[in-house]
Amino acid sequence: MCIISKYIVPALLLLLVPVNCENILFLQTTPSKSHHIWNKQIFDRLHESGHNLTILSYEEEHSIQGKTFLCVKNFYEKIMAQYEQNGNGSFAEMTPTQNIINMYDFYEKASQVLFTEEVITQLLNYPKTFKFDLIIHDFTMGQFLLGFVERFRNPPLISISAFNAPSYTAWLADLPIRVTTMPNYASSFGPQMTFSERCWNLVYWSLDYFYRQWVFMPSEDRRLRKLFGSNSSSSTQLEKHSDLVLVNMDFSTDYCQPLPPNVIPVGGLHINRQEQIPPNVAEFINQPTKAVILFSLGTNVKSEGLGLDINKSILNAFASMPEYNFIWKHGDPITLGTLPSNVLVQSWIPQVTILSSTKVKLLISHGGLLSLQEAVWHGIPVIGIPFFADQYQNVDKLVRAGVALSLPLRKLNQNSLKETILTILQDDRYHRNMLQRSKWFENQPEKPLERAIYWIEKVIQSKGLLHLQSPAHNMTAFQVYGIDLVIGAFITLALIHNLARSRITSLI
């Protein structure tokens with residue numbers, strides 16, 4: 001009886017909803033609270049619209065009617081435990097090549113953990129007759145989960161990612177890659193690259209392609225076929241079923257990139273969410289004579305993980321500027337000792353609400369895309385301390401736009417932090433440039449979340465028959481880029497040349 005209730009009852013409950021409600025399977029893949037917040041805006045709005053959702057989640061959420069959560073507990077901690085076992089748990093700057101390899105290594109470790117989780121078995125044990133009308137998959141990672149597309153008889157598939165438009169969007173949506181104008185996410189190049197930068201950019205794109213398609217994806221396929229059967233399609237084949245791809249990018253904040261019709265930019269859809277601000281934080285912000293600076297390294301980079309020496313340097317820098325108030329997201333304030341009166345330490349902060357305050361003048365950030373989008377939306381200049389993934393490029397984009405400064409981790413100390421803070425606050429150009437960028441970002445025909453929901457509803461209504469997918473999916477690279485035509489033309493010319501020589505020789 002326990003087994004039946006554990007695996008069957010959640011699915012049977014879904015059958016009790018009204019017949020006009022579509023059943024949606026929402027497969028989150030990224031163990032990050034910030035990514036969960038981005039995805040949550042989508043699945044909450046779909047639930048409000050009357051749809052019935054089953055959601056794979058790494059954050060604790062309580063199931064309610066029409067919204068069933070399959071929660072994986074301590075997912076991120078389990079992944080990081082593997083790094084700590086190998087002595088790689090500390091933060092360090094990375095070269096672009098190290099960055100690319102590290103990303104796919106992280107994806108691999110995450111899939112290894114997720115593959116063994118009980119909720120995957122729970123979802124596999126849904127009744128064979130159960131029907132999902134749509135699957136939404138976070139294609140940032142966890143491609144082996146695409147086996148659920150065939151497991152639930154090929155409903156329409158929508159791929160989404162809060163990770164901008166990942167480099168591998170090209171492999172599931174035929175997004176053109178121009179290595180001469182589109183910097184790889186792991187680099188700090190701008191779109192106008194020198195010859196040397198273009199050479200290195202080609203190396204980074206090639207390494208990215210090799211690790212994704214020849215190292216990571218075959219490993220995902222092995223997991224997929226263990227779960228769903230040896231005759232299952234590969235992850236590479238299944239991801240190309242994507243009827244729609246929603247990416248967290250916007251022309252006002254990202255480099256120019258041609259997009260096919262089924263790739264929809266919805267950058268910033270998470271920003272207008274409602275957050276409660278704790279009374280002590282509100283009181284601290286509203287002190288009449290002081291501007292506020294927010295220091296937050298996001299959800300996966302933790303200030304306490306930087307070590308006591310760097311933490312003390314940061315605190316000393318804050319204490320040396322009593323004319324400003326500092327809010328510091330930090331999970332272990334006890335290690336900091338007695339705090340100066342101008343420093344408020346919180347283990348969690350309602351960041352988007354704080355940034356919306358006119359009292360906030362600066363964000364010191366790890367360079368995570370979601371945080372930087374929030375800063376741009378609200379016109380807040382940035383100091384970026386990048387660590388991994390796209391953070392280097394995210395910060396570099398804002399530096400090139402004249403709205404931010406970069407402070408590498410190796411240079412972070414009391415003096416450098418104070419100097420960088422004062423440079424931005426005492427030069428009005430950073431604030432003015434960011435206000436202009438904010439206007440560009442906000443000035444959209446509709447809110448990004450509304451755009452996302454509109455296109456999701458379109459796919460549901462059409463039952464995956466929008467025909468927005470590129471025909472290149474069914475073509476080889478030789479065919480797509482006309483290489484076979486060029487080879488054919490050379491062969492034809494060679495044959496004509498030989499034939500002409502033979503005719504001339506025979507006449508002579």
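Colleague: Which residue does Lys-40 form a salt bridge with, and how far apart are the closest N and O atoms?

Modeller: Lys-40 pairs with Asp-44, and the closest N and O atoms are 3.1 Å apart. A salt bridge here is a side-chain nitrogen of Lys or Arg within 4 Å of a carboxyl oxygen of Asp or Glu. This is a predicted model, where local features need pLDDT of at least 70, side-chain atom pairs count only at pLDDT 80 or more, and totals for chains, interfaces and linings use all residues. Residues are numbered from 1 along each chain as its sequence is written, and side-chain values use heavy atoms, with hydrogens and water left out.

Colleague: Where do Lys-40 and Asp-44 lie?

Modeller: Both are in helix α3, four residues apart, about one turn of the helix. Helices (H or I, at least four residues) and strands (E, at least two) are DSSP runs, numbered from the N terminus. An α-helix has 3.6 residues a turn, so residues three or four places apart point the same way.

Colleague: Is Asp-44 buried or exposed?

Modeller: Asp-44 is buried, at 17% relative accessible area, while Lys-40 is partly exposed at 23%. Buried means under 20% relative accessible area, exposed over 50%, and partly exposed in between, with a 1.4 Å probe and protein chains only.

Colleague: What else does Asp-44 form a salt bridge with?

Modeller: Lys-67, with the closest N and O atoms 2.8 Å apart. That pair links distant parts of the chain, since Lys-67 is in strand β3 (residues 67-71), 23 residues from Asp-44 in helix α3. Lys-67 and Asp-44 are both buried. Through shared partners, salt bridges join Lys-40, Asp-44, Glu-61 and Lys-67 into one network.

Colleague: How many salt bridges in the whole structure?

Modeller: The search finds 19.

Colleague: Back to α3. Where is its kink centred?

Modeller: On Asn-39, with a kink of about 30°. The bend at a residue is the angle between axes fitted to the seven residues ending there and the seven starting there. Asn-39 is among the buried residues of α3, which also include Trp-38 and Phe-43.

Colleague: And what follows α3?

Modeller: Gly-50, whose phi is positive, near 100°.
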